[in-house]
Amino acid sequence: MTAQLGKAIARRLGASLVSLVFVVVSVFFITSALPGDVAEALLGQAATPDAIASLRHSLRLDQPVLVRFAGWAGGFLSGDFGTSLVSHQPVLNMVHDRLLHSLLLAGITTLFAVPAALLLGTLSAIFRNTLFDRTISLLTLCVVSVPEFLIATLAVLVFAVQLHLLPALASISDIHSIGSFLAAFSMPVATLGCVIVGQMARMTRAVMVNVLSSSWVEMAMLKGVSPAFIILRHVLPNVIAPLFNVIALSLSYLLGGVVIVESVFHYPGIASLMVDSVASRDIPLVQTCAIIFCAAYLLLTTLADIVALFSSQERARA
Amino acid sequence: MPVLLALFWLLLAVIGPFIAPSTPGEVVSSTVFAPISTAHLLGTDYLGRDVLTRLLFGTSSTVLLCAVATVLACSAGTFLGMMAALKQGLTDTLLSRFMDGVISIPSLLSGLVAVATFGSSVPVLVLAMACIYMPGSYRTSRMLALSVVRKDFILVARMRGEKTGYLVLREILPNMTGPVLADVGLRFIYAVRLLSNLSFLGVGLQPPQTDLGSLTRENLLGLVYGAPAVIAPALTIAVLTVGLNLALDGKGQRR
């Protein structure tokens with residue numbers, strides 16, 4: 001690792017940190033843009049002015065916005081994420097279990113989706129411009145264009161309604177055996193998998209086509225090197241870094257999908273918690289969930305950029 | 001081709017509500033989730049309302065809201081992008097840093113935060129979508145404008161002492177209209193996806209207003225009976241987004 005590369009990575013990490021601070025600050029200031037509204041929304045129209053005033057006082061809404069931000073950020077840094085306005089529980093307790101559930105869902109999906117997408121993308125690149133490639137291209141284009149909920153709806157229609165194969169609702173509370181585990185997870189995982197396989201296969205195809213049509217692969221083919229040897233010796237070393245970049249970028253699309261999938265299948269994860277908190281305008285919960293999501297998204301995009309930096313370094317040396 | 005398709009959807013959005021067979025809130029039948037028939041071309045929904053009517057109104061609001069948001073996002077984004085490319089220096093750095101910050105928040109998340117704070121109404125949704133998709137448009141047009149700015153005729157125009165407004169509108173913009181229009185199409189698709197997702201989650205357009213996402217959501221129970229009430233709006237979204245994306249894709253490949 002050269003000093004130049006180290007500097008580039010440090011600069012990228014610095015930029016991500018700035019973005020994270022930007023996100024945290026803007027989430028706070030956007031959500032506290034209408035200070036009186038939260039108290040009024042919580043108590044309804046029939047509330048007396050006294051009740052609103054006392055609630056505003058207990059929520060510290062009567063203090064200046066900068067004072068509240070300092071208190072909020074201080075609490076955030078020391079692990080105190082505030083108290084839910086609706087259930088009056090500490091946000092940390094509500095988020096903790098849900099986050100684990102979501103990570104489990106995301107992890108299982110990644111385990112299936114990454115190999116599937118790499119395989120599909122590579123096959124379309126090898127058999128490019130054939131009927132197979134065009135079919136895959138059309139299918140993945142459809143998947144990336146339509147809203148995520150449409151895929152979930154379609155999956156329910158096919159697997160739960162028409163074929164009666166799987167239950168439409170996931171209940172991870174009563175998992176006792178492998179069978180019930182599969183039943184609970186297969187629908188959300190299949191739907192979420194479709195969403196990111198579409199993205200990832202398209203990007204994988206682009207990377208592979210780029211390498212396969214390069215002059216050195218053509219040279220190896222002309223030399224009469226066997227296809228298997230070309231793939232292992234010439235193609236693979238050149239695509240590992242860009243493919244890691246593709247994977248990290250596609251996994252950041254997981255976040256958008258997870259919101260829809262958890263809501264459609266009533267999966268008790270952090271994204272469905274966030275949608276519920278948006279519907280009930282439970283601001284402390286919205287803030288915490290939004291920041292967790294943004295942090296995860298930034299982590300993945302930063303990782304993708306750092307891998308890209310490494311790969312451009314490799315190419316510069318070669 | 002993409003322009004024709006866009007015109008078709010806009011036309012449908014404008015005249016759709018006028019050619020609807022009944023009014024969207026009216027209960028026209030005692031049967032819920034009725035199948036396709038001559039009386040009700042697309043059957044009835046979960047309350048016995050005419051699906052074709054509601055679909056026309058829903059398509060209209062989805063297309064019009066997203067079109068307005070896209071036009072706002074892209075005109076602001078393109079203008080700022082061209083300004084950044086022309087001025088460079090501090091203006092460029094500050095604008096680009098700010099846009100990078102905004103773009104680092106996933107779109108669905110920004111939408112949810114905006115709705116949680118300001119409540120769900122048409123102006124909030126349109127403005128939120130405009131803010132969410134402006135940075136992407138800014139990035140694209142800044143890149144495009146940077147290559148135009150280097151050309152000789154810009155230098156000549158600058159030597160003539162032309163004002164910034166003239167440079168941006170008469171010299172730079174006409175030389176990047178094609179790619180900018182393709183970018184507008186893509187942002188429109190993203191906007192349709194976002195609005196439909198939000199409405200499907202129940203935090204987008206609120207009743208009595210409908211759009212394609214909320215139509216799918218409210219009739220989801222009809223999935224069990226294979227009712228057109230849920231299939232029609234879902235299919236409309238798919239045709240709208242996939243069709244436009246295919247048209248844009250085909251145009252990109254021919255070039």
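Figure 1. Pro17(B) is found in helix H1 of chain B, which spans residues 2-19, and the view is taken from a predicted model. Leaving aside residues up to four places away in sequence, Pro17(B) touches Leu56(B), Phe57(B) and Ser60(B). His40(B), by comparison, is 23 residues from Pro17(B) in sequence, and their C-alpha atoms are 16 Å apart in space.

**Figure 2. The bend in helix H1 of chain B.** Helix H1(B) bends by about 35° at Ala13(B), and a proline, Pro17(B), follows within four residues of that position. The helix has 18 residues and reaches 25 Å from its first C-alpha to its last, which is close to the 26 Å expected at 1.5 Å a residue. Ala13(B), where the bend is placed, is one of the buried residues of H1(B), together with Pro2(B), Trp9(B) and Gly16(B).

**Figure 3. The kink in helix H5 of chain A.** Helix H5 of chain A covers residues 91-126, and its 36 residues reach 50 Å from the first C-alpha to the last, close to the 52 Å expected at 1.5 Å a residue. A kink of about 30° is centred on Thr110(A) within this helix.

**Figure 4. The contact between chains A and B.** Chain A gives 37 residues to the contact, and chain B gives 32 residues. On the side of chain A that touches chain B, the elements that give two or more residues are helix H1 (3-31), helix H6 (131-145), helix H7 (148-162), helix H10 (227-264), helix H11 (270-279) and helix H12 (283-317). By class, the residues on this side of chain A divide into 29 nonpolar, 6 polar and 2 charged.

**Figure 5. Helix H11 of chain A against helix H4 of chain B.** Two packed helices are described by the angle between their axes and the distance between the axes. Here the axes of H11(A) and of helix H4 of chain B, residues 107-118, come within 8 Å and cross at roughly 30°. H11(A) is therefore roughly parallel to H4(B), because angles under 35 degrees are given that description. From H11(A), the residues Met274(A), Val275(A) and Val278(A) meet Leu112(B), Val115(B) and Ala116(B) of H4(B). The contact of these two helices has 6 nonpolar residues, with no polar and no charged residues.

**Figure 6. Backbone features in loops of the two chains.** His266(A) has a phi near 50°, a positive value in a residue other than glycine, and its place is in the loop between H10 and H11 of chain A. His266(A) counts as exposed because it has 12 C-beta neighbours inside 10 Å. In chain B, Gln88(B) has a positive phi of about 50° although it is not a glycine, and Gln88(B) lies in the loop between helix H2 (51-87) and helix H3 (89-103). Gln88(B) likewise counts as exposed, with 12 C-beta neighbours inside 10 Å. A further feature of chain B is the peptide bond from Pro207(B) to Pro208(B), which is cis, with omega near 5°. Pro208(B) lies in the loop between helix H8 (177-200) and helix H9 (212-218) of chain B.

**Figure 7. The chains from which the close-up views are taken.** Chain A has 12 helices and 0 strands, and buried residues make up 36% of its 318 residues. Among contacts in chain A between residues at least 6 apart in sequence, 71% join residues at least 24 apart. Chain B has 10 helices and 0 strands, and 48% of its 255 residues count as buried. In chain B, residues 24 or more positions apart account for 67% of the contacts with a separation of 6 or more. Taken along the principal axes, the box filled by the C-alpha atoms of chain B is roughly 75 × 40 × 30 Å.

Definitions and conventions
Residues are numbered from 1 along each chain as its sequence is written. Chains are lettered from A and ligands numbered from 1 in the order in which they are written. This is a predicted model: local features need pLDDT of at least 70, side-chain atom pairs count only at pLDDT 80 or more; totals for chains, interfaces and linings use all residues. Two residues are in contact if their C-beta atoms, placed from the backbone, lie within 7 Å. Ala, Val, Leu, Ile, Met, Phe, Trp, Tyr, Cys and Pro count as nonpolar, Asp, Glu, Lys and Arg as charged, and the others, Gly among them, as polar. Axes are lines fitted to C-alpha atoms, for helices over the stretch in contact, and angles run from 0 to 180 degrees between N-to-C directions. Angles under 35 degrees count as roughly parallel, over 145 as roughly antiparallel, 65 to 115 as roughly perpendicular and the rest as oblique. A residue is buried if 20 or more other C-beta atoms lie within 10 Å of its own, exposed if 12 or fewer, and partly exposed in between; C-beta atoms are placed from the backbone. The expected span of a helix is 1.5 Å times one less than its number of residues. The bend at a residue is the angle between axes fitted to the seven residues ending there and the seven starting there.
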